[in-house]
Amino acid sequence: MSEFAVVHNFMLSNRNKISKVSNNRISKIDTHPHSLRKWINIFFIAFTSGVMVIAVGLVFYTSSYEFSNFLTDEHSDLIKIVSVTQKVILALASVVIVGLALLWFYLQRFILLPLNHMRKSAEHIIHGKLDQAVKITAPIEIELLSETINDLSVNMQEILLFVWNQTENSLRCIEEDTYENPNADMPTNGLDTIKNNLLELQQMISSFTLYDVHMNRKRVFGKSDSD
Amino acid sequence: MGKCILIVDDSSIMRKMIKETLTSGGHKIVGEAKNGVDAVALYQTLKPDLVTMDITMRGMDGLAAAREILELDEAAQIIFLSNLDEEKYSQDVKEIGAKGFVNKHKAGDILNLIDRL
C-alpha cells in the first residue's frame, strides 16, 4: 500500500476517534497538577472562606465578653465605634466576596470556555476537517490566537487545493495523451507539462521551513545529517 | 514597467507565493489584505495600480469586495486569482468589471496578463 493510502486510511479511521482523543485531553486537564480550572476553584474557595472566617471572627471578637468588659461606660464613644466597625467589616467582607465571585465568572466565561472551544476546533483541523472556523468572544489576546488557528487551517486548505489542481492538470495531460496515442507506452506530448506541474509543486513546498529536515532534488535529509 | 500591487488572499502562504511571482516580474507589492473588508479599506489608503483578488474568503468574499472597490473607483484594475474553475467564473468576472481571471496553480500567467493591461 502506498504511504499516502496508509495515511488516508489512518485519518478516516481516526475521524471516529476524535471524541476519544478529545476525552483523553479532557482527562489530562482533570488529572494534571497545574490546571487553570483547578487553581481558579481552589483560589476562589480558599479566599472566600478566608474572608468569611476573618470577618466573622472579628465581629465575634469585638462583641465578645472579654472585649466588652474591657470597655466601660467611660468608653461609650468607643462602643459606638466598635459597632460601626463591625458593620464596616461585614460590608468589606461582602464586597470582597462579590468581587471574587465576579472574577470567578469572568475567568470561566472569557478564558476557560474560549480556550476549550479553541482546543476542540484545533482538534478538528488536525483530523482533516478544515470546514469550520473557530469563532469566539474573548479578550483580544485569546481572539488573536483563535484567528491564527483559523489561518493555519486556511493555509492547509490552500496547499491541498494547490496540490489537487497541479495533479489534476497532469492527470488530464496523461489521459488526453492516452486517448490520442492508445498504443504508446508512455505519454509523449504532455511530459513537459507534467514536469512543470511537478516542479511547481516542489517550489510551493520550498516556501516552507521544515522541522529537522532539509531537501534537495535527490533526497530528503535530517538536518543533523551531512550531505 | 513595474506596477504597485495590492495582494488580497486569506492564506498567508499564498500571499507569499504570489508576492514572489510578482516581484520576480519586476512589480512592487504595496500591501496585503486577508479579507474583503481589509481589501476595500487598504485600496482607499494605498491606491494601488492593480489588485489581485482571491475569491473564496471567509466573511466578505472576493466578488463582493471587487464590486465595492469598483463602486469606489471605476478605474480600479482587479485581477481575480483563484483556485476555482475558470470557465464557471469568467462570466462573473466580466459582469463585475474585473480585468481578468488567473488560476492560482498557473500563477505565472498573471505576469503576461499584467503586461497586456
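Is Arg15(B) buried or exposed? Select Arg15(B) to begin: the residue is buried, with a relative accessible area of 12%. Keep in mind throughout that this is a predicted model.

**Stop 1: the partner of Arg15(B)**

Arg15(B) lies in helix α1 (residues 12-24) of chain B and Glu32(B) in strand β2 (residues 28-33) of that chain, so the pair, 17 residues apart, links distant parts of the chain.

**Stop 2: across the chains**

Now select Glu158(A) and Lys104(B). Their side chains meet in a salt bridge, with an N to O distance of 2.9 Å. This pair crosses between chains: Glu158(A) is in helix α6 (residues 140-180) of chain A, while Lys104(B) sits in the loop between β5 (100-103) and α5 (109-116) of chain B. Glu158(A) counts as buried because its relative accessibility, 4%, falls under the 20% limit. Lys104(B) is buried too, at 3%.

**Stop 3: along helix α6 of chain A**

Stay on α6 of chain A and select Glu168(A) and Arg172(A). The two side chains meet in a salt bridge at 3.6 Å, N to O. Glu168(A) and Arg172(A) are four residues apart in this helix, which means that about one helical turn separates them. Both residues are partly exposed: Arg172(A) has a relative accessible area of 46%, and Glu168(A) has 27%. Over all chains, the count of salt bridges comes to nine.

**Stop 4: the core of chain B**

Which residues touch the most other members of the largest nonpolar core? Select Val8(B), Val51(B), Met53(B), Ile69(B), Ile78(B) and Phe80(B); these have that place among the 23 residues of the core. Then color the elements of chain B that give two or more residues to this core: β1 (4-8), α2 (36-46), β3 (50-53), α3 (62-72), β4 (78-82) and α4. The most comes from α3(B), with five residues.

**Stop 5: a charged patch**

Turn to the surface and select Asp85(B), Glu86(B), Glu87(B) and Asp109(B). These residues gather in a patch of negative charge. Glu86(B) belongs to helix α4 (residues 86-96) of chain B.

**Stop 6: a nonpolar patch**

Go back to chain A and select Ile205(A), Phe208(A), Leu210(A), Met215(A) and Val220(A). They make a nonpolar surface patch of about 420 Å². Leu210(A) is found in the loop between α7 (191-206) and β1 (213-215) of chain A. This leucine counts as partly exposed, at 35% relative accessibility.

**Last stop: chain A as a whole**

Finally, select chain A and color by secondary structure. How many helices and strands does chain A have? There are seven helices and two strands, and from the N terminus on they run α-α-α-α-α-α-α-β-β. Of the 227 residues in chain A, 23% are buried.

Key:
Residues are numbered from 1 along each chain as its sequence is written. Chains are lettered from A and ligands numbered from 1 in the order in which they are written. This is a predicted model: local features need pLDDT of at least 70, side-chain atom pairs count only at pLDDT 80 or more; totals for chains, interfaces and linings use all residues. Side-chain values use heavy atoms; hydrogens and water are left out. Patches are made of residues with over 30% relative accessible area and no salt bridge: like charges are joined within 9 Å, nonpolar side chains (Val, Leu, Ile, Met, Phe, Trp, Tyr) within 5 Å. Accessible areas come from the Shrake-Rupley method with a 1.4 Å probe; for residues, only the protein chains shown count as cover. A salt bridge is a side-chain nitrogen of Lys or Arg within 4 Å of a carboxyl oxygen of Asp or Glu. Lys and Arg count as positive and Asp and Glu as negative; His and the chain ends are not counted. The place of a charge is taken as NZ of Lys, CZ of Arg, CG of Asp or CD of Glu. A nonpolar core is a set of buried Ala, Val, Leu, Ile, Met, Phe, Trp, Tyr and Cys residues joined through side-chain atoms within 4.5 Å. Buried means under 20% relative accessible area, exposed over 50%, partly exposed in between (1.4 Å probe, protein chains only).
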